[in-house]
Amino acid sequence: MRIRTVGRLVLQGAKNFRQNGLMSLASVSITSLSLIILGAFFLLIFNLNYVGGVLEGRVEIRAFLKDNLAPEQRAFLEDQIKHIKTVKSVDYISREKALERLKNQFGGRGEIFNYISGNPLPDMIEVRTREPGRLPWVAEQVARLPGVEKVSYGKEFVSRLFAFTRTVWILTSVAALLLSVAIIFIITNTIRLTVFARRREIEIMKLVGATDWFIRWPFLFEGMFLGLAGAVIATLVVDQSYLILLNKAQVSLPFVPLISHDAILTRISVFLMGTGALIGAIGSLISVKRFLHV
Amino acid sequence: MIQLYNVSKIYNTGVVALSNIDLHIPKGDFVFLVGPSGAGKSTFIKLIIGSELPTEGQVLVGGKNVSRLKPQEIPLLRRNAGVIFQDFKLLPDKTVYENISFALEVIEVSRKEIRRRVPAILELVGLRDKADMMPNQLSGGEQQRVSMARAIVNNPLVLLADEPTGNLDSDTSWGIMELLSEINHRGTTVIMATHNRDIVNRMKRRVVAIEKGGIIRDEREGAYGYAN
Ligand SMILES: Nc1ncnc2c1ncn2[C@@H]1O[C@H](COP(=O)(O)OP(=O)(O)OP(=O)(O)O)[C@@H](O)[C@H]1O
Ligand SMILES: [Mg+2]
């Protein structure tokens, strides 16, 4: 295809967009609205994954050991735990060290422990895993080993988090599907108007031997304009809202880890623009198809 | 140029538009297709430009089997087969010049070439001074000449005319016939479906008569042959 031709086809697409004023506006609005919803869902998923990732580093299994375990027995136990699948690292924390840590955590007020006689803490082994999803299973394996008195881990929270993420994923997929159908529907109908207005031209183009792609491209561009225009608006809205949310969260919920703005902006914009353009293109191909049989 | 071998066309409504047609049209021929309404004349023309595919048999145009063409090869066939219609099929919001240049633009002919060819073709059909008019400012005969100019501006091998004089008075029709003769004279094969007995009888060209989808007569220097 010649360069001049490409220019002509893009211009024709832009012209279609303008001539279809009100309907174009409606499609852009619906597209941006749908993409805002999609964008919000994806922000949520990105953040849940991010929280999951952060917790992955934090969540650990604590195996409390029986009193008076001989050092060889303990070494053997450590070795056994290391060989459980997905276990990343194993750390022995003696009761003395545990007390030290506890004191540190209380900062300047650590001296209250001086009033407690002896050390009530047991020896323990901290176990980190590579897959937080396997945590309950690993914990169970550890609990069975001889020399282990008791096992504790953030069972409730972790399993809830993962269940929640799964639910959000399913919801997002369903929403993405429905919203895509909505966008395709409105864009298809918008472009159908232009196609209909230009059906005589299309018929003549077919009769004098224009290729189908030559006929399709302007509509394809129109569809992609519609989708992209909606996506640009959606990106701006999602982006700005997230900025505001981050600021608020920093003040009122400082301990909740959220993805920093920059890291996610590019991904969300690329995702929204890509989706917008792709759906616009699909919509236009659907509308023009019927008119190509001359 | 055009060969039909045992061609039948049955529309998906079950209507048999053409059945077992065998016909050869050599390069440079001028053929009238005559026959009552519904005989299958328009269907014949559609088969040649690949608008419809034969249900049975082979349609060869310039040695190529139309029903075996890939979808992307159909445009090439149409660039070599100009078509004009009873209702002209002009674009109402484009000038005479634009209507013709449009046909060249959409097949990606260069701008320079378009500037050369369009005035020349307007000259040929006698509409040089009407280039900037809109179709609704033209008479029927003039509109038909625009439509003809559009059909031949790309130098097709064959010109197909489906009742080109159907809406025109006798004098205007003769003007169109003179043009068709001229185009034929320059080497283009012309196939014209018509109900105009006067024209057919006086032109003394090859006449192919179709009735109920079958060829009932094929004569050199033939006559219309129907009472109406
Ligand atoms: N697209 C179509 N679908 C179904 N049937 C069709 C179609 N086009 C034509 N026919 C039928 O095929 C038969 C032949 O039609 P065709 O248009 O070829 O006749 P014609 O000879 O051109 O008639 P006329 O002189 O009135 O133009 C008719 O019975 C018509 O109803
Ligand atoms: Mg007809």
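The shell around ligand 1 is made up of four nonpolar, seven polar and two charged residues, where Ala, Val, Leu, Ile, Met, Phe, Trp, Tyr, Cys and Pro count as nonpolar, Asp, Glu, Lys and Arg as charged, and the others, Gly among them, as polar. This is a predicted model, in which local features need pLDDT of at least 70 and side-chain atom pairs count only at pLDDT 80 or more, while totals for chains, interfaces and linings use all residues. Residues are numbered from 1 along each chain as its sequence is written, chains are lettered from A and ligands numbered from 1 in the order in which they are written, and side-chain values use heavy atoms, with hydrogens and water left out.

Of the 13 residues around ligand 1 (a heavy atom within 4 Å), Ser37(B), Lys41(B), Ser42(B), Thr43(B) and His195(B) come nearest. On the backbone side, a polar atom of Gly40(B) is 2.9 Å from a ligand oxygen, and an N or O atom of Ala39(B) is at 3.2 Å. On its own, ligand 1 has 630 Å² of accessible area, and the protein covers 67% of that (Shrake-Rupley method, 1.4 Å probe).

Turning to the two chains, the contact (heavy atoms within 4.5 Å) draws 21 residues from chain B and 18 residues from chain A. Together they bury about 1,900 Å², with 55% of it on carbon and sulfur atoms; buried area is the accessible area (1.4 Å probe) lost when the two parts are put together, summed over both. Arg78(B), Val106(B) and Glu108(B) account for 32% of what chain B buries against chain A, more than any other three residues.

One salt bridge turns up across the interface, taking a side-chain nitrogen of Lys or Arg within 4 Å of a carboxyl oxygen of Asp or Glu. Glu203(A) pairs with Lys89(B) in a salt bridge, and their closest N and O atoms are 3.0 Å apart. On the side of chain B that touches chain A, α2 (74-79) and α3 (96-105) are the elements giving two or more residues. That side has eleven nonpolar, two polar and eight charged residues.

Note on methods. Helix = DSSP H or I, 4+ residues; strand = E, 2+ residues; numbered from the N terminus. Polar contact = N/O pair within 3.5 Å; in protein donor to acceptor, adjacent residues only side chain to side chain.
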